[in-house]
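Me: I would like to learn how to read salt bridges and helix packing in a model like this one. Could we go through it together?

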Amino acid sequence: MKNSSRRNFLKGTGALASVALTQKLSANPLISGPIEDQSAPMNGSHFGAFRAHIKGGQFTGVTAFKDDYQPSPMINALPSRTYSKTRVEYPMVREGFLKHGHNSDTSKRGAEKFVRVSWDEALDLVASEIKRVQKTYGPKGIFAGSYGWKSPGKLHNARVLMNRMMKLSGGYVGSTGDYSTAAAQVIMPHVLGGIEVYEQQTSWPLVVKEAENVVFWGADPMRCCQIDWTISEHGAYPYLEGLKKATKAGKMKIYAVNPLTDDTAMYLDPIMIRPKPNTDTAMMLGMMYHLYTTKQYDEKFIKKYTVGFKKFKAYLLGEIDKTPKTPAWASEICGVDEKTIKSFAETLKNKKTMLMAGWGVQRADHGEQFHWMLVTLSCMLGQIGMPGCGFGFSYHYSNGGTPSAAAPGLSGISTVIGGKNKIDWMSAGAELSIPVARVTDLIMNPGKTIDFNGKKITYPEIKMAYWVGGNPFVHHQDRNLMIEAWKKLETFIVHEPFWTPTARMADIVLPVTTEIENNDIDSMGDYSSSHFIAMKKGIEPYKESKNDYEICRQISKRLGYEKEFTEGKTSEMDWIKEFYENAKMQAEQRNIKMPSFEKFWEQGYVKFETPEKSKQYTKFESFRKNPMLNPLGTPSGKIEIYSRTIAKFKYDDCLPYPSWIEPAEWLGAKEAKKYPLHVLSPHPKYRLHSQLSNTWLRDLYEVQGREPVWMNPIDAKKRGIKNGDIVRVFNERGATLAGAIVTDAIMPNVIKIDEGAWYDPLDPSKKDTMCKHGNVNLLTIDKGTSKLAQGNISNTVLADVEKYTEAAPKVTVFEKPSIV
Ligand code: PGD
């Protein structure tokens, strides 16, 4: 096996990019946190909990919370974000929309100037648009399935608040699933009986103690565990250090299967295996063929705990399609040599192995197959349910595997209003939901019917979209197609703290506060639930910003539903106290001690103890002990390697057993002759998707003010590209400028641009205009993974790169847009 070490990585990077790279490497998240100042107000963010430094009513700095295991350097950028030039200061309306309302020229979105209006004018306008669309088209005319990472906080939960308000107004078209795990979360219930991707993992202490092999299969916890959906405690980092120590002591081997050397690989220096992107399922088939034909697989495990292996075996051996999935066959597809495929399979079988899989691999065409194949491989290894072994699909997310504390659940604002889930006046038609990443398709193609997990969905005609807490003009695939679809909308309303690419495309923009401008509460550690954090308001709302709760309350008032919206509560503190008291009641029943609300609020947090049994938690342990007494939630109660349910759907792009299906674009396709580079878009190191882009953190990674694109030296040389050059990355769908980083940390024929760079159109009045800044979704495909899950396929892209020889246009997306 080839060992691509960190030394090789450094050697491959040229002199010009070395400044950016040195900064990248030296700003390792494993720095120790500053000492906590107990007198400062507590608050929290996706990046961690902190005490806010407030001087003269201004937010000037942060001190990481003392219980944070490994504070992320990103929290230091929070004050800079609060006072960013990109803050939306006042309610704003697009000029044409203000003059012509829903009859405006919608092709001017993103190009036309904005006009400042008063809050009353803006809220009246929003309320009258909701009424108009509800009356004219009904709830099926409004898309409010707004998706995004918003900010933490159980009350100021942007999407839930907006949905609560829209539900009261008569309903809307919603969305289901997410951009992170759409494929896996739909297929896993058929295979394992649960979604897996958001479930607690076998505990990290057991992995560090027991495993002899740990495989990071497209998973980068070092980078991704900097954030949690709630407030991060960074509990995984001490265990990553534990892995490092175990390898140094010769007790463990680390492998990374990945086309690039990611942050985890840079830290742990694993044995690298680099398949071509989107070919992991073929590689696993080759491994399983070898294990089966040499009788090295765990036949007993397969018999006792799984169903359908016989049918899968017929496919594996080529009895169904006349193609035996031999290591030679797999090697031809994935590019990993036959010997490595065989020896890797044997190594995993012969030692105690934990397979940690990420989610990026399933953000690809037929992405469902990756997780299904990995479960099947793990079944052949036979170690599922053993301490520290098996597989885990959430070690790289929100510090999964960090043992769970004995904490009560913390409720929050919801769309269940006054205890009622259905509201009398909500029409039946309001129940429609689409798979979230089909939003462009929905708006573009009213009347079209799609398949989704055994159901059929017919798209209604959408006239209005309402977005809060998300940035679709950064996160969604095929930007140019999306812009065309958006022209069909009569109205687009956005609540945003910042002039993001999405806010710039809106007709009405309502300015929103950030965490430090509100009071709220949330738990710390999605999986560990180690603390509740008092998120205390430190400063007054910036300029005229209001929080989403207040905005939605005022709109509900105009629609005649204020009392239902507020449930009679008069302040945000009423809600926060109620959430806390509900948790305290639960805690008392479980003998968990919690202070009074007043004490908690004053102290800023409450900490929960972690019981020993959490530290010893092994996923699937009880199933392994007795599968009859502890069956899985699948129809058979066992792991389904063949799914009768999926067989009944009769999908041509998702067979009833895990299989290799050629993706729409990949290096083995004929399109690769025209566009010879496969584009990957991992998650970024110094922002959360697009969040914190508008801070000084950009200085740590940008190349000539552009998002970096990593290229192998062979590919760069062929194109006459050097480190630090501005390049144009392009394909049939679009183009973006980016800054070249030439490095052998990425395999030849593959490039990567982290997702989340703000879209900055060169000339927003022109169709298919180039992005000046580096938004990778100019290149990606708007297609569902398959009829089963319809997830996004952002890692299935071919493109090419050329040196940009014209004068580089100025990046302007971090300035304010034109305002009348
Ligand atoms: P964020 O940048 O987090 O990205 O897409 P997502 O839209 O979640 O956007 C959140 C927005 O909410 C920000 O603009 C922020 O300012 C705003 N916001 C924050 N707090 C509040 C609040 O309190 N109220 C309101 N109204 N707004 C607020 C992320 C999505 O991108 C995800 S989850 C994934 S997994 C996908 N990943 C990829 C990928 O791997 N590759 C590509 N090419 N594309 C992807 N897109 C997806």
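Me: Is K325 buried or exposed?

Reply: Happy to start there. Buried means under 20% relative accessible area, exposed over 50%, and partly exposed in between, using a 1.4 Å probe and protein chains only. K325 has a relative accessible area of 1%, so K325 is buried. Before we go on, this is a predicted model, where local features need pLDDT of at least 70 and side-chain atom pairs count only at pLDDT 80 or more, while totals for chains, interfaces and linings use all residues. Residues are numbered from 1 along each chain as its sequence is written, and side-chain values use heavy atoms, with hydrogens and water left out.

Me: Which residue forms a salt bridge with K325?

Reply: A salt bridge is a side-chain nitrogen of Lys or Arg within 4 Å of a carboxyl oxygen of Asp or Glu. Here the partner of K325 is D321, with the closest N and O atoms 3.0 Å apart. D321 counts as partly exposed because its relative accessibility is 31%.

Me: How many salt bridges does the structure hold?

Reply: The count is 57. One of them pairs D263 with K685, whose closest N and O atoms are 3.8 Å apart. This pair links distant parts of the chain, 422 residues apart: D263 sits in helix α11 (residues 263–268), and K685 in the loop between β24 (677–680) and β25 (708–711). Helices (H or I, at least four residues) and strands (E, at least two) are DSSP runs, numbered from the N terminus. Both D263 and K685 are buried.

Me: What about K569 and E578?

Reply: They form a salt bridge too, the closest N and O atoms being 3.0 Å apart. K569 is buried at a relative accessible area of 15%, whereas E578 is partly exposed at 31%. Elsewhere, salt bridges that share partners join D220, R223, D263, K685, K752 and D754 into one network.

Me: Now the helices: at what angle do the axes of α12 and α16 cross?

Reply: Axes are lines fitted to C-alpha atoms, for helices over the stretch in contact, and angles run from 0 to 180 degrees between N-to-C directions. The axes of α12 (residues 280–293) and α16 (residues 338–350) come within 9 Å and cross at roughly 70°. The two are therefore roughly perpendicular to each other, a class covering 65 to 115 degrees.

Me: Which residues of α12 make the contact?

Reply: Contact means heavy atoms within 4.5 Å. On α12 the contact is made by M283, G286, M287, H290 and L291; on α16 the residues include I341, F344 and L348.

Key. Parallel < 35°, antiparallel > 145°, perpendicular 65-115°, else oblique.
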